Each structure stands twice: as C-alpha cells, then as structure tokens.
Amino acid sequence: MRKMTILRILDTPTLLLDLQKLLKNISDIADFAKEQGISYRPHIKTHKSVKIAQLQTEAGAVGVTTAKISEAEVMAAGGIKDILIAYPISSPDKINRVIKLLQKGVQLKVSVDNTESIGYLQKGLEHTPYTLEVWIKVNSGLNRCGVEPGQEAVQLAKAIMSHSKLKLCGIFTHAGHSYAAKSYDEIEAIGNQEGFSVVDSANECEKAGIQIPIRSVGSTPTYKISGKVPGVTEIRPGNAVFFDAIQAGLGVTSIENCALT
C-alpha cells in the first residue's frame with residue numbers, strides 16, 4: 001500500500017532506481033572480474049554518481065573511468081582517488097586542471113592517441129614535480145579515436161618513452177560499435193577483436209622493450225567476452241550498472257535486471 005501511495009504522488013516523468021537490482025548488477029561485474037583474476041574499473045558516464053561509484057569501489061573496483069576531466073574532478077571531490085580519463089587531453093586549461101588533481105593526490109591516468117597531445121602534456125608538466133601516467137588508446141573497430149593496433153601503438157609508445165614527464169602504464173580500447181550488433185555471434189566477434197587488439201598491441205610493445213602492465217577493455221555488451229581473452233588485465237563496463245532495453249535486445253541481459261524505470 002505504501003509503495004502504491006508513493007507512486008501516485010510522483011510526477012511524470014520520474015526516474016526510479018531499484019537499489020537491489022543495482023547492487024546485484026555491481027556484484028555480477030565484480031564477481032566476473034574476480035573469477036578471471038582481473039581488475040574492474042567501471043565507467044561512470046552512465047550514472048555520474050559519487051555514491052554509486054563508492055558502491056562499486058566497495059565491491060572491489062580499483063578505481064573509475066570518466067569521459068572527461070569535469071567528471072574526474074567530481075569523482076575526486078567525492079573521495080575516488082584512482083581515475084582514468086578515457087579521452088585525450090591537450091588544451092592548456094585542461095592540463096592545468098590535470099595538474100590540480102595531481103596536487104590533490106589523485107592517481108590519475110590520461111588517454112593518449114597522438115604525438116601532438118603528448119607534447120602538450122610534457123610541456124604543461126615540465127615546471128611541476130609531477131609525472132603523469134598515460135595509457136595508449138587503440139582503435140578496435142569503433143573508428144572514433146585511437147591508434148591502430150600493433151605497430152602504430154608501438155610507435156606512439158616509443159614517443160612517450162622519450163618524454164620525461166610521462167609514464168606509460170597501459171593500453172586500452174572501447175568497442176562501442178558492439179551496441180549496433182545484430183546478433184550475439186556478432187557481439188562475440190567484436191569482443192574477441194576488442195581483447196586481442198589490446199593484448200597484441202601490448203605484446204608488440206614488450207617485444208620492443210616497453211613494458212605494458214595494464215591491458216584494459218570496456219563496453220557492456222562485450223566485457224564478459226573480451227575480459228576472457230588471455231592477457232587482458234582489466235574491464236571497464238559502464239552501462240552494466242543499470243542495463244537498459246538495448247542490452248536486453250542484444251541478449252546481454254534480461255529486462256528483469258534493468259535497474260532503472
């Protein structure tokens with residue numbers, strides 16, 4: 001009766017979050033990561049909530065992924081200290097904001113996919129005591145940004161190594177094109193390509209003498225596929241915290257697991 005009374009007084013449209021479904025979804029991702037012996041760094045662009053990010057870290061997430069620096073600033077202010085900004089940063093204003101996060105003790109990682117941006121980062125950091133961790137983004141088929149897997153990644157890695165203020169620690173990708181898949185078989189193919197594009201690029205770098213300890217993949221439709229590719233060390237699903245009708249339509253989950261209505 002109380003639930004019906006509450007529903008009657010809510011205006012429409014109203015966004016409702018089912019806490020138990022949310023917690024189940026978080027637990028499912030964390031359990032998968034533990035089973036595979038890999039890390040879990042959820043993307044927060046779906047929920048943009050410090051509270052939900054805290055629930056994810058309590059479940060075992062090593063940190064979070066953000067789409068832009070303003071999201072990273074909000075997460076840092078909320079006490080999340082290990083953050084990947086999955087977008088290349090090159091403007092002086094944003095580099096100054098990166099430095100402010102470093103000053104606050106944030107373990108920040110920034111995406112790079114071209115030599116120009118690493119030059120800007122180096123210049124911005126030269127007169128500071130800080131060294132910035134960077135991850136190379138490779139293109140696994142979305143064709144939005146990122147170097148091509150293999151030798152292009154190696155060439156960028158070599159360029160990073162010549163910059164004293166940058167420390168290369170990872171290679172990552174995002175198979176966002178999986179959202180347009182027409183079948184689960186297609187999702188499996190995309191997920192495998194996603195995983196191997198990262199692992200193969202990291203292996204080529206290590207053949208050239210450049211160690212790549214972190215090999216990270218994302219995308220809710222594919223993370224349970226790419227996360228099983230040997231050599232992958234981290235997953236970054238975002239939408240999986242809530243799920244939606246698209247994911248149910250892809251066969252990734254069921255409507256019963258969707259935490260938002």
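**Reading helices and strands in a predicted model**

Guide: Helices α2 and α3 are oblique to each other (an angle under 35 degrees counts as roughly parallel, over 145 as roughly antiparallel, 65 to 115 as roughly perpendicular and the rest as oblique). This is a predicted model, in which local features need pLDDT of at least 70 and side-chain atom pairs count only at pLDDT 80 or more, while totals for chains, interfaces and linings use all residues. Residues are numbered from 1 along each chain as its sequence is written, and side-chain values use heavy atoms, with hydrogens and water left out.

Visitor: At what angle do α2 and α3 pack, and how far apart are their axes?

Guide: Two packed helices are described by the angle between their axes and the distance between the axes. Here α2 (residues 19-36) packs on α3 (residues 50-58) at about 45 degrees, and the axes are 9 Å apart. Axes are lines fitted to C-alpha atoms, for helices over the stretch in contact, and angles run from 0 to 180 degrees between N-to-C directions. Helices (H or I, at least four residues) and strands (E, at least two) are DSSP runs, numbered from the N terminus.

Visitor: Which residues of α2 and α3 meet?

Guide: On the α2 side they are L22, L23 and I26, and on the α3 side I52, L55 and Q56. Five residues of this contact are nonpolar, one is polar and none is charged.

Visitor: Is I26 buried or exposed?

Guide: I26 has 2% relative accessibility and so counts as buried (under 20% relative accessible area is buried, over 50% exposed, and in between partly exposed, with a 1.4 Å probe and protein chains only). Leaving aside residues up to four places away in sequence, I26 touches Y40, L55, Q56, A59 and V241; contact means heavy atoms within 4.5 Å.

Visitor: Now the sheet. In what order do the strands lie?

Guide: Strands of a sheet pair through backbone hydrogen bonds, either parallel or antiparallel. In this model eight strands form an open sheet with parallel pairing, in the order β1-β8-β7-β6-β5-β4-β3-β2. At the edges are β1 (39-40) and β2 (64-66), each pairing on one side only. Two strands pair if DSSP finds at least two bridges between them.

Visitor: How many bridges join β2 to β3?

Guide: Three bridges join β2 to β3 (residues 82-85), and V64 stands opposite I83 in β3. Four bridges join β4 to β5, where K109 stands opposite E133.

Visitor: Which residues of β5 point each way?

Guide: L132, V134 and I136 point one way, and E133, W135 and K137 the other. Six of the six residues of β5 are buried, so β5 is largely enclosed by the rest of the structure.

Visitor: What covers the faces of β7, and what pairs with this strand?

Guide: On one side of β7, I214, S216 and G218 are buried, and on the other R215 and V217 are buried, with both faces covered. Five of the five residues of β7 (residues 214-218) are buried, so this strand is largely enclosed by the rest of the structure. β7 pairs in the parallel sense with β6 over three bridges, with G170 opposite I214. Three bridges also join β7 to β8 (residues 234-236), with V217 opposite I235.

Visitor: Which residues of helix α7 are buried?

Guide: In α7 (residues 151-161) the buried residues are A153, V154, L156, A157, A159 and I160. Their cover includes β4 (107-112), α6 (115-125), β5 (132-137), β6 (166-172) and α8 (184-207).

Note on methods. Nonpolar A, V, L, I, M, F, W, Y, C, P; charged D, E, K, R; others polar.
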